[in-house]
Amino acid sequence: MAEIEIDGAPADPARLAALGLLNYGHFTTLRAEAGRVRGLALHLDRLVRDCRVLFGAELDRAVVRERIGAVLPADGAPVIVRVTVYDPALGLERPAAPAAPVLLVTTRPAAAAAPAPLRVRTVAYRRELPEVKHVGLFGLVHHRRQAQLAGYDDVLLVDEDGLVVEGATWNAGFLAGDELVWPQGPSLPGVTEALLSGAYWGPQSREPLPAAGLGRFTAAFAVNAGVGVRPLAAVDGTAFDPGHPVLAELRAAYLGIPAEPVGG
């Protein structure tokens, strides 16, 4: 059963409405299983860092861990947990007022099977404050919707120079043989990307990647905490090998990263 709590209590409708009406806050999404989370420390670091940026306030890591632990299933079943930080009292007229952020913690069941490869199209779009995982998702959802209506699964964002930066809600990686290349540009520093980069055994680099030149790569993939490593079947008209053997090795490397206990 899904859980929705604000500061450890059942979510009050009025406080939930405040988030929808102002749409100012930040979050992180993580996958928990058997009371453990890969990259938990990095998720906590993100929440603390983004809270300082958006609210000028400090977030207590221990409290966040406690709130996450409180919504996890007793049987250890895998779930996706989203921790959203916002201030229900913040108003549109004076967002510079001293902030008192709260923690909205929600869960949903985690997908059991490996998701199918994605077919994506590029779109020229840059998120506001790309280094922050904020709740301003309108542009991303709109572009994803338009892509799906056109027969694609999702979008890959490019900047004004046609350089790849990130996916809609994921980071992208590309393979030329066993060389792993990450796009260079203003994007969200993903937790899964950081974990995978640290676990990868082969050569890797970060460089500007023109969308028009992606044909030099043999495989591509999306990464986020919800799905881990997910192959890309195509970007626009450029096809990739979703069965590339290095992709299986990347998935195994990611799954082999020890998960941290939420309870400390």
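## Aromatic rings and charges over them

W201 is partly exposed, with a relative accessible area of 47%, where partly exposed covers the range between buried, under 20% relative accessible area, and exposed, over 50% (1.4 Å probe, protein chains only). Its ring and that of Y200, a residue that is buried at 7%, form a tilted pair, with centres 4.5 Å apart and planes at 45 degrees. Rings of Phe, Tyr and Trp (its six-membered ring) pair here if their centres lie within 6.5 Å, and planes under 30 degrees apart count as stacked, over 60 as edge-to-face and the rest as tilted.

This is a predicted model, in which local features need pLDDT of at least 70 and side-chain atom pairs count only at pLDDT 80 or more, while totals for chains, interfaces and linings use all residues. Residues are numbered from 1 along each chain as its sequence is written, and side-chain values use heavy atoms, with hydrogens and water left out.

The pairing rule gives five aromatic pairs. In one of them, Y24 and F55 have ring centres 5.5 Å apart and planes at 90 degrees, so this pair is edge-to-face. Y24 is partly exposed at 32% relative accessibility, whereas F55 is buried at 11%. Elsewhere, F174, F217 and F240 are joined into a cluster by ring pairs.

Charged side chains also sit over rings, a term used if NZ of Lys or CZ of Arg is within 6 Å of the ring centre and within 35 degrees of the ring normal.

| Charged residue | Ring | Distance from ring centre |
|---|---|---|
| R38 | Y254 | 5.2 Å |
| R82 | F27 | 3.7 Å |
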